[in-house]
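User: I am new to reading protein models, and I would like to go through one with you step by step. Could you show it to me before I ask about its parts?

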Amino acid sequence: MTAIPADPLDLAVQIWRRADAVCFDVDSTVIEEEGLDGLAVFLNKGEEIKAITHQAMDGGLSFRDALRKRLDILKPTQSQVLEYRTEQPSTLTAGVHDLIALLQARGTSVYLVSGGFDTLIYPVADRLGIPRKNCFCNKLLFDDYGNYSGFDLSLPTSDSGGKGRVIQRLIDEHTYQNVVMIGDGATDAEASPPARTFIGFGGNVVRSSVRDQAAWYVTNFASLSNALDCQRR
């Protein structure tokens, strides 16, 4: 019987190497940008939105309240969102494509679990070869004229604790034993448990409150790829 590591970092590395499912946050993790902040800049409302984003990501404001506040300021039309997506496509974080390809080659299920919106998340999933059915994210609502009318409150990712609920559902449906959550924000950290471990990512932005909660904190995806490669040697 394999001994259980006493050190939290060693345990996190062991779980990572045994992961049967990995859930990635998207904004500031899989991609370099914060999607809603980028949309705000595109709509010339960047500074109004940024402070609310930081407050939410550091855990100082519930995710749903922060989302509602930001969207009430932005009120993006459907055409503006599509124009933003076309003119300013997301930038993949260095090393993430290789890491996801490595995980998939090992037979590990890969999911995107994000507080972002499907209109912006799906193109990222397509570029990474992740099926859209493996994306759990939010949905903007528009009226018949394409004007903003809210967001879907029925989706778990629209509120604090939602990522954990998504992961628990995946565990229940697929009987995963070692689910790993990777992300940069408070909503990612709080998803473990039910995730077996949380790996904090600081390659795009470092949030001290999140770093302090992570058993394993990395600033590049090569570290995670190398940990898997070392296991194969």
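User: Which residues in H5 do Leu 36, Asp 37, Leu 39 and Ala 40 in H3 meet?

Analyst: This is a predicted model, in which local features need pLDDT of at least 70 and side-chain atom pairs count only at pLDDT 80 or more, while totals for chains, interfaces and linings use all residues. Residues are numbered from 1 along each chain as its sequence is written, and side-chain values use heavy atoms, with hydrogens and water left out. Helices (H or I, at least four residues) and strands (E, at least two) are DSSP runs numbered from the N terminus, and contact means heavy atoms within 4.5 Å. On that basis, the four residues in H3 meet these in H5: Leu 67, Arg 70, Leu 71 and Leu 74.

User: Are H3 and H5 roughly parallel or roughly perpendicular?

Analyst: Two packed helices are described by the angle between their axes and the distance between the axes. Axes are lines fitted to C-alpha atoms, for helices over the stretch in contact, and angles run from 0 to 180 degrees between N-to-C directions; those under 35 degrees count as roughly parallel, over 145 as roughly antiparallel, 65 to 115 as roughly perpendicular and the rest as oblique. The axes of H3 (residues 35-42) and H5 (residues 63-74) come within 11 Å and cross at roughly 20°. H3 is therefore, relative to H5, roughly parallel.

User: At what angle do H3 and H6 pack?

Analyst: The contact is made by Gly 35, Gly 38, Leu 39 and Phe 42 of H3 together with Gln 80, Val 81, Glu 83, Tyr 84 and Glu 87 of H6. H3 and H6 are roughly perpendicular to each other. Their axes lie 10 Å apart, and the angle is about 100°.

User: In what order do the 6 strands of the open sheet come?

Analyst: Two strands pair if DSSP finds at least two bridges between them, and strand E1 (residues 21-24) and strand E6 (residues 179-183) do so in the parallel sense over 4 bridges. The edge strands, each pairing on one side only, are E3 (135-138) and E8 (216-218). The pairing in this sheet is parallel, and the order is E3-E2-E1-E6-E7-E8.

User: Which helix packs on the sheet, touching E2 and E3?

Analyst: Helix H1 (residues 8-17) lies across E1, E6, E7 (197-201) and E8, running at about 75° to E8. The helix that touches E2 (109-117) and E3 covers residues 118-128, and its direction makes about 150° with that of E2, which identifies it as H8.

User: Is Thr 108 buried or exposed?

Analyst: Thr 108 is found in the loop between helix H7 (96-105) and E2. Not counting residues up to four places away in sequence, Thr 108 touches Ala 19, Asp 20, Ala 21, Val 22 and Leu 103. Buried means under 20% relative accessible area, exposed over 50% and partly exposed in between, with a 1.4 Å probe and protein chains only. Because its relative accessibility is 7%, Thr 108 counts as buried.
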